[in-house]
Amino acid sequence: QLRLIDSGGGTVRPGASLTLSCAASGDTLKNKIIGWFRQAPGKEREFVANILWSRNNPAYANSVKGRFTISRDSAKSTVYLQMSNLNPGDTAVYYCAARDNWTNEYKYWGQGTQVTVSW
């Protein structure tokens with residue numbers, strides 16, 4: 001059973017950078033897509049970015065394109081979300097998730113990590 005542990009959240013000022021980590025264990029990430037999602041208070045969860053583990057081809061939501069970078073470290077079975085030029089609109093709980101690349105449903109989820117961007 002794949003297990004995901006996300007971490008790295010915190011409180012930062014607008015314009016700052018932060019890197020989130022998603023450490024996987026319990027199963028191979030081969031043939032899986034790892035994604036980052038976020039949910040702000042009172043809003044629905046939204047897609048942020050994802051990456052196909054075996055091909056390293058990232059995809060981003062328009063709202064974060066050019067500011068966020070998703071990457072993976074195969075040796076550590078870890079996916080990162082580097083966030084730069086953060087603004088208050090990025091405040092949310094961020095979740096990493098994984099799905100098999102032949103399905104649309106993200107079956108595995110991390111517990112979430114809070115990111116707050118505020119003066």
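What follows is a short exchange about a disulfide and one asparagine in a predicted model.

Modeller: This is a predicted model, where local features need pLDDT of at least 70, side-chain atom pairs count only at pLDDT 80 or more, and totals for chains, interfaces and linings use all residues. Residues are numbered from 1 along each chain as its sequence is written, and side-chain values use heavy atoms, with hydrogens and water left out.

Colleague: Why is the link of Cys-22 and Cys-96 called a disulfide?

Modeller: A disulfide is a pair of cysteine sulfur atoms within 2.5 Å. The sulfur atoms of Cys-22 and Cys-96 are 2.2 Å apart, so the pair qualifies. The structure holds one disulfide.

Colleague: Are Cys-22 and Cys-96 buried or exposed?

Modeller: Buried means under 20% relative accessible area, exposed over 50%, partly exposed in between (1.4 Å probe, protein chains only). Cys-22 has 2%, so Cys-22 is buried. Cys-96 has 0%, so Cys-96 is buried too.

Colleague: What makes Asn-50 count as buried?

Modeller: Its relative accessibility is 14%, so Asn-50 falls under the 20% limit. Asn-50 is found in strand S5 (residues 46-52).

Colleague: Which side chain makes a polar contact with the side chain of Asn-50?

Modeller: That of Tyr-106, at 3.3 Å. A polar contact is a pair of N or O atoms within 3.5 Å; within protein, one must be able to donate a hydrogen and the other to accept it, and residues adjacent in sequence count only if both atoms are side-chain atoms.

Methods: Helices (H or I, at least four residues) and strands (E, at least two) are DSSP runs, numbered from the N terminus.
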